[in-house]
Amino acid sequence: MEKLLWCFLTMISFSQAFGHEDMSTWAFVFPKVSDTSYVSLEAESKEPLNAFTVCLRFYTALSTVRSFSIFSYATEKSYNDILLFWTKDKGYHFAVGGPEVLFTVSEIPQAPTHICASWESATGIVELWVDGKPRVRKSLNKGYTVWTNASIILGQEQDSYGGRFDAKQSLVGDIGDVNMWDFVLSPEQINAVYVGGTLSPNVLNWRSLKYKAQGEVFIKPQLWS
């Protein structure tokens, strides 16, 4: 009840302060198409990234209907410094520094889905894991460095630093368990995260999350708990 009341008051006041709390049993819910509803996340680490892994769970019925954003990490250097994006009839687009690769998938099952995406500058190797299973590795933007002062958005895709949202790219559904590390997780570590481990994420930590919700976003118990 306290969590729901807090969320209601936040929506009324549109507070600019970042909340900071343990979200381990909760999810953000985006109940309808919008270009004004989103969640901003504040990274724990402010350092440039020469490697990373981001893992999260989401639940949507949009995969056969239209494209939508899953994770948008923009900097002043590139508004697609990191982007995970679903394109209808194609699959997962994974961008680093602007360039992107496609991991072909016909559709997302209408069930909560867990994904982990990793990249390292030294080799350019990218990995995508879906529900604990790896896709074939690909190469992307070798030698690049992901910049600092990120604008990290859930629910929308940024077409400029912190804004220019398109309702037709918005997520409708639930998202949670968003964690991020400044290194590439091993296959064993990714499997541990998939079954509920945390491994002390040092960029985004769902158990100690700094976030700010804007518009019609609700905090509800996770449906996959």
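User: Where is Asn149 found?
Analyst: In this predicted model, Asn149 is found in the loop between β12 (138-139) and β13 (151-154). Its phi is near 55°, a positive value in a residue other than glycine.

User: Why is Asn149 called exposed?
Analyst: The relative accessible area of Asn149 is 51%. The term exposed requires a value over 50%, so Asn149 is classed as exposed.

User: What makes Asp131 partly exposed?
Analyst: Asp131 has a relative accessibility of 23%. Buried means under 20% and exposed means over 50%, with partly exposed in between; Asp131 therefore counts as partly exposed. Asp131 lies in the loop between β10 (125-130) and β11 (133-134), and it has a positive phi of about 50° although it is not a glycine.

User: Why is Arg57 called buried?
Analyst: Arg57 has a relative accessible area of 15%. Arg57 is placed in strand β4 (residues 51-59).

User: How do you know that the side chain of Arg57 makes a polar contact with the backbone oxygen of Tyr194?
Analyst: The side chain of Arg57 reaches that oxygen at 2.5 Å. Leaving aside neighbours within four places in sequence, the residues in contact with Arg57 include Asp174, Asp177, Val193, Tyr194 and Trp224.

User: What makes β1 and β15 a pair?
Analyst: β1 and strand β15 (residues 209-214) are joined in the antiparallel sense over three bridges. Pairing requires at least two bridges, so the two strands pair. Gly19 stands opposite Tyr211 in β15.

User: Why are β1 and β8 called edge strands?
Analyst: The open sheet has eight strands in the order β1-β15-β3-β13-β5-β6-β7-β8, with antiparallel pairing. β1 (19-21) and β8 (100-104) each pair on one side only, and these are the edge strands. Neighbouring strands of this sheet are turned by 25° against each other on average, direction ignored.

User: Which residues have the most contacts inside the largest nonpolar core?
Analyst: That core has 51 residues, and those with the most contacts inside it are Phe28, Phe52, Phe71, Tyr92, Phe94 and Met180. A second, separate core of seven residues includes Cys55, Cys116, Trp181 and Val193. In soluble globular proteins, nonpolar side chains tend to be buried together.

Definitions and conventions: Residues numbered from 1 in each chain as written. Predicted model: local features only at pLDDT ≥ 70, side-chain atom pairs only at ≥ 80, totals over all residues. Heavy atoms only, no water. Helix = DSSP H or I, 4+ residues; strand = E, 2+ residues; numbered from the N terminus. Axes fitted to C-alpha atoms, helices over the stretch in contact; angles between N-to-C directions. Core = buried A, V, L, I, M, F, W, Y, C linked by side-chain atoms within 4.5 Å. Buried < 20%, exposed > 50% of the residue type's maximum accessible area, 1.4 Å probe, protein only. Polar contact = N/O pair within 3.5 Å; in protein donor to acceptor, adjacent residues only side chain to side chain. Contact = heavy atoms within 4.5 Å.
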